[in-house]
Amino acid sequence: MNLDLSNKRAAVCGSTQGNGKATALELAALGASVTLIARRKEALEQVLSELDNSRGQQHGYLCADFSKKTDLELKIKQLTEKETVHILVNNVGGTPLERPPQRVERVPDSVWTRTLELNALAAVRFTRQPVDVIDEVLC
């Protein structure tokens, strides 16, 4: 299959390692302009330097902590006000569980709540605004 994503903007969450990084690299190789989104600026800059820009893509990044609702919402607004997001990759995940790991019966509800916030609600929050923008483009 020959897929050309030229003139498309992709926003990839959790894009500094693992599946998120691999997805960002592949989307750039297919011609998309990629906005990397993660917490660590140094890691974002490293991945940014690895993205293919042979088709004139304009890549960028946003530092955002998905466990902080207000930070996340502000960053999403910044992104969607200046760019139309055509492709959204929700790749947020992690666990704020204490190190070393505790036995499950000893983990307090507050830790489980933070884990659900990060792994489920952050993806929902991130999807809301770009979906509104995508709806406007498609309708």
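Across which strands does helix α2 lie, and at about how many degrees to β3 does this helix run? In this predicted model, local features need pLDDT of at least 70 and side-chain atom pairs count only at pLDDT 80 or more, whereas totals for chains, interfaces and linings use all residues. Residues are numbered from 1 along each chain as its sequence is written, and side-chain values use heavy atoms, with hydrogens and water left out.

Helix α2 (residues 41–50) lies across β2 and β3 and runs at about 165 degrees to β3, where helices (H or I, at least four residues) and strands (E, at least two) are DSSP runs numbered from the N terminus, and angles run from 0 to 180 degrees between N-to-C directions of axes fitted to C-alpha atoms, for helices over the stretch in contact.

The open sheet consists of four strands in the order β3-β2-β1-β4 with parallel pairing, two strands being paired if DSSP finds at least two bridges between them. Its edge strands, each pairing on one side only, are β3 (60–63) and β4 (87–89). Strand β1 (residues 9–13) runs parallel to β4 and is joined to β4 by three bridges; alanine 11 stands opposite leucine 88 in β4. Helix α1 (residues 18–29) packs on the sheet, touching β1, β2 (33–38) and β4, and its direction makes about 170 degrees with that of β1, contact meaning heavy atoms within 4.5 Å.
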